[in-house]
Amino acid sequence: MTVPKFGLGTFRLKGDVVRRVVADALELGYRAIDTAQGYDNEGEIGEVLAASGVPRADVYLTTKIKPANYRRDALLDSLRVSLEKLRVEQVDLTLIHWPVPNGEVRPEEYLAALAEAREQGLTREIGVSNFNIAGLRQAREILGGVPLATNQVEIHPYLQNRRLVEFARQEGLHLTSYMTLAVGKVMDDPVLRDIAGSHGANPAQVALAWALAQGFSVIPSSTKRENLAGNLRAQDLQLTAEDLDRIAALDVGEAARIASPESARPVWD
């Protein structure tokens with residue numbers, strides 16, 4: 001597994017906001033940045049990376065192909081455009097953003113095109129996002145010996161995705177948790193606040209430490225520099241077995257899912 005355990009998410013960050021956030025994150029020591037064609041911020045991220053002075057080899061850069069570009073030629077061409085915007089010759093990881101099970105382009109085409117992008121050197125690794133168990137099985141069958149670096153999925157204390165997590169562990173598939181803070185909901189949770197108090201931490205750090213303890217990578221974001229710095233410190237927080245049991249009890253399943261666009265989502269496990 002080469003996907004860094006901790007990175008910066010940039011969903012919903014645009015323009016001068018994403019420029020400032022990425023600059024702050026790099027100064028604070030972040031060395032993994034997650035973006036997507038659909039976020040419409042690759043150009044701004046590329047500007048900041050180019051001006052930062054941080055060596056390209058030190059930053060693990062992830063982007064995602066949006067569904068409109070799933071045709072073979074469109075996928076390859078769009079990734080080249082992403083590289084131009086990001087001002088790099090190669091990204092470290094490229095993901096299929098959503099499976100779009102009822103779309104015109106089938107996984108056989110877009111996954112083969114993704115593997116071709118890897119062969120052409122446009123991306124060092126490939127993976128998927130928002131895939132269920134059946135989708136992961138199909139993807140591995142289509143890709144053959146080409147490994148999936150990760151499946152990036154929504155996982156947080158209220159949506160712990162246990163069936164998918166167990167499958168991934170059994171199959172040796174790495175998972176990246178997004179929305180680990182449940183769009184800020186964790187900050188007001190009494191259980192997480194209590195656990196945080198016992199460690200001299202905050203609830204966001206507890207939620208991130210919980211995800212890291214499961215072996216997931218995390219990509220939290222914030223527009224505040226102090227929160228970006230605080231999130232990083234979650235890597236040093238060691239939760240107890242009792243803490244983990246209490247967080248496990250917060251899971252309410254599908255009722256807590258935040259990201260689930262009807263046209264693109266799979267049938268969730």
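Modeller: Let's start with the residues around the largest cavity: there are 16 in its lining, and V3, D34, T62, T176 and I219 are the ones nearest its centre. On a 1 Å grid over the protein atoms alone, a cavity is a set of points where a 1.4 Å probe fits but cannot get out, and lining residues have an atom within 4 Å of a point. Residue numbers start from 1 along each chain as its sequence is written. The model is predicted, with local features needing pLDDT of at least 70 and side-chain atom pairs 80 or more, while totals for chains, interfaces and linings use all residues, and side-chain values rest on heavy atoms, without hydrogens or water.

The volume of the largest cavity is about 110 Å³, where volume is the space filled by probe spheres set on points joined across faces, edges and corners. Strands (E, at least two residues) and helices (H or I, at least four) are DSSP runs, numbered from the N terminus. With three residues, β2 gives the most to this lining. By class, the lining has nine nonpolar residues, six polar and one charged. Here Ala, Val, Leu, Ile, Met, Phe, Trp, Tyr, Cys and Pro count as nonpolar, Asp, Glu, Lys and Arg as charged, and the others, Gly among them, as polar.

Around it lie N130, F131, N132, V153, E154, N161, L164, R257, W268 and D269. Four of these lining residues are nonpolar, three polar and three charged.

Next comes a space that is open. A pocket is an open set of points with protein on both sides within 12 Å along at least five of seven lines. The largest pocket holds about 780 Å³ of space. It has 34 lining residues, and F11, M179, V183, P220 and S221 are nearest its centre. Helix α9 (residues 225–232) contributes the most to this lining, namely four residues. The lining of the largest pocket splits into 14 nonpolar, 16 polar and four charged residues.

From α1, residues G15, V18, R19, V22, A23 and L26 meet E44, I45, E47, V48, L49 and S52 of α2. This contact includes seven nonpolar, two polar and three charged residues. In another pair, P107, E108, L111 and A115 in α4 meet Q138, A139, I142 and L143 in α5. Six residues of that contact are nonpolar, one is polar and one is charged.

Technical notes. Contact = heavy atoms within 4.5 Å.
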